Amino acid sequence: GVGEFICLVGASGCGKSTLLYSILGGVPPAGGHMHVQGEDIYAYSPAEMNRYQQQTIGIVYQQFNLISSISVLDNVALPMIFLGYGPADRNRRASELLRRFGIPERLEDKLPTMMSGGQQQRVAVARALVNDPEILLADEPVGNLDSISAEHVMDSFDEINDRDRKTVILVTHDAKYLPYAHRVFYMRDGKLR
């Protein structure tokens, strides 16, 4: 539902990530339809799919997926280029989000690899939110982090859900994150239980 925090849980290889990428528009379902906000997203034209992926969905990956050759600020601002925003608007929005997720201004010009894993993941969260999507997908987003960094990132998702009223769909295999969720779906062999 709109504004819910949903956890998808299950063993490795059960289909959690595949379901997430299906919601993202990257993996058509083997059977049936994928409806997001009442629309069959796999019936979209390429232009409609592009708009959906850029404006409705934000995604955070386990491996951060930041571009190592550009600054932290530019990593966050990058998705706004494709929507036609100018440099001043991009940089202002990116900077606001970095502050919000605890990345100080002095780190904006640094390359992502000069930061800790927890900081890099908070940069990735800021990037996922920069186009103000309605749905935030997160694929094992704290899988590579120490427990304190993981808690900071999970609290960020909680705040995004609570304060921004964004729907959060989180894939995890770790039961300790289930209390964050309004609803939990268990997956086994590609099926929701």
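## A walk through the fold

Starting at the N terminus, the elements of the protein come in the order β-α-β-β-α-β-α-α-α-β-α-β-β-β. That gives six helices and eight strands, read as DSSP runs numbered from the N terminus (H or I, at least four residues, for helices; E, at least two, for strands). The radius of gyration, taken over C-alpha atoms, is 16 Å, close to the 16 Å of the globule rule (2.2 Å times the number of residues to the power 0.38) for 193 residues, so the protein is as compact as a globular protein of that length.

Keep in mind that this is a predicted model, where local features need pLDDT of at least 70, side-chain atom pairs count only at pLDDT 80 or more, and totals for chains, interfaces and linings use all residues. Residues are numbered from 1 along each chain as its sequence is written, and side-chain values use heavy atoms, with hydrogens and water left out.

Now for the inside. Of the 193 residues, 47% are buried, meaning under 20% relative accessible area with a 1.4 Å probe, protein chains only. Take contacts (heavy atoms within 4.5 Å) between residues at least 6 apart in sequence: 73% of them join residues at least 24 apart.

What about disulfides? A disulfide here is a pair of cysteine sulfur atoms within 2.5 Å, and the count comes to zero. Cys7 is in no disulfide, with the nearest cysteine sulfur, that of Cys14, 13 Å away. For Cys14, the closest cysteine sulfur is in Cys7, and 13 Å is too far for a bond. Cys7 counts as buried at 0% relative accessibility, and Cys14 also counts as buried, at 7%.

Key: Buried means under 20% relative accessible area, exposed over 50%, partly exposed in between (1.4 Å probe, protein chains only).
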